[in-house]
Amino acid sequence: MRVFAAILLAGAALATLPLLGLPLFYESFLYLVFHWIILATSWNILSGYSGYFSFGHGAFFGAGMYTTATLASRFDVPFLWTLPAAALVAMLLGAGLGAVVFRAKQVRGELFALVTLAVTFVVGTIVLNTPIDGGPGVYLSGVPVPKIGPSAASSFYLMGLAAAVATIAIAWAIHRSRLGTGLFAIHDDEDVAEVLGVPTFGCKMAAFAVSCALAGLAGGIHALFVSYVTAGETFSITVPLTVVLMSVLGGTRHWAGPAVGATIITALLYAFTAGNHAVAGKAVFGAVLIAVILFMPGGVLGTLRARRPRKGALRAPSVLPAGGDASNEAEEVAVPSAATKSPAVARTKVILAAAGLSRSFSGVRALDCVDIEVREGEILGLLGPNGSGKSTFINLVSGHYKPDAGALQFEGRDLARLPAHRIARAGVARTYQIPRPFAHLTVLDNVALTAMFGGAALPRKEAVAEARRWLDFTGLADKADALPDDLNLHQRKFLELARALAARPRLLLLDEVLSGLTPGEINGAISLIRRIRDGGATIVFVEHVMRAVMALTDRIVVLDHGVVIAEGDASAVMQQSAVVTAFLGKAHA
């Protein structure tokens, strides 16, 4: 909260500036700085945090301008009362657009940018050809400026300052919240974020609504400042390009980055314009953008943060986060269990049941009417040659794909009808065969994310503590502040495992978690999985390392060409001729 208090204190200190009796020019110039801070920071809440690059900010800014201009000039609504309406109209416009485009997985990246750019011109055309504008524009010269400060300039200054402080505070709060963590995960890998429990559609909608509302608020204030609103000036490419440059210059992954960039760019533009070099200023504007992209991809703040050495994390006490006595659990984690089979083999309660499960890709049948049952408390090995459908089964259970046919029941719930994030919240967690961590989140934040959004659904503070426990459990506690790119393959595999365990799953799907490890690392991983099993977890274990399969599994199911060809005890099943043929070919059967 010290950061939040600092933001408020800085705002309070700047609010005293009109009392100093400075020339009105300074207040007008600083208003423009605040104006661009609002626009750049509001744009960054969606586009910087989630990576959904929008060129439509001019549409939401313009919606706010015309809402205020219309209400104040034609309906005599007091100016300050028009500002909430300006924010609301822009927010509704953004929410309507988001409800359509965010549901289409194809509308990402460049397509999203083009769609939002098109919306700017569509809205501008509608405004221009309706009584909202009608062609000549809207005059606000007769609308009185609220007497907030000693002069009109100081009133605009104080309104801009209040809106800028509120915008920066909101950006900081989102950055530190569950929503912010979810948005950053979407930025790095949206599909994985959804599977790990992040409600990606809801997060994007929330960020877009806030972003548009703040842009509309800025537009409402600016309408009275310019006192004459035209569609050609308002709905242009200038606003989105300017806010993009400001955000990229300051740093899109930092809540204060756009404010830094907005201050620098506004000062540069004024310096060139005041010196009668407006054309040269535009050239410098473009040169700055090129230089930032080439030499400072993380922006000013991102570059400064990257140069700071990352601190190592202190090791936290080891505990298993399932229910029960914490001291006993810590004891279980500290001492690896003996190499004995789990008593779960005697259990008959089915936790996951797949019946007639089928999935095809471009006509290729990856799973063909598969029936598999997973019993509570057991380790079920899922084996088969490459291309047999093992990973497809994991992807269907975790919600990464939807089945073409068949039923998939988990504790009485139909997983086939649930979105991936609700499957994760129901208590299913997984690892990926090729590790897919969130590249720009620290190791600690990667694990804390699943504690927040997975089956545990913990508040952020508790999720961080939970993440530290599992990093200690997997031997990664000293890497908590590192980025995934700083880890080797063994550590990245264990990061996948820690991330899955932090969700407190009732069903854990391990997809070739041992592949690529050395024999010594495999031994450590086997010991780790035993301890997870002894903690009461139910595990589906997809693996090619047969000594690990023989040591860990209670039962195995063998797939070949998407069909179950054998099921039962590992030792007996692996001797069946159909299984030998599937792995080695007919010559060895």
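Tutor: What follows begins with the chain as a whole and then turns to the pocket. This is a predicted model, in which local features need pLDDT of at least 70 and side-chain atom pairs count only at pLDDT 80 or more, while totals for chains, interfaces and linings use all residues. Residues are numbered from 1 along each chain as its sequence is written, and side-chain values use heavy atoms, with hydrogens and water left out.

The chain has 589 residues, of which 52% count as buried (under 20% relative accessible area with a 1.4 Å probe, protein chains only). Its secondary structure comes to 23 helices and 12 strands (DSSP runs, H or I of at least four residues for helices and E of at least two for strands, numbered from the N terminus), and the C-alpha trace spans about 90 × 50 × 40 Å along its principal axes.

The second largest pocket has a volume of about 900 Å³. A pocket here is an open set of points on a 1 Å grid over the protein atoms alone, where a 1.4 Å probe fits, with protein on both sides within 12 Å along at least five of seven lines, and lining residues have an atom within 4 Å of a point; the volume is the space filled by probe spheres set on the points, which are joined across faces, edges and corners. Of its 33 lining residues, Trp36, Thr238, Val239, Thr242 and Leu269 are the closest to the centre. Among the elements that give two or more residues to this lining are helix H2 (24-50), helix H8 (200-226), strand E2 (228-229) and helix H11 (257-274), but H10 gives the most, with 7 residues.

Notes. Buried < 20%, exposed > 50% of the residue type's maximum accessible area, 1.4 Å probe, protein only.
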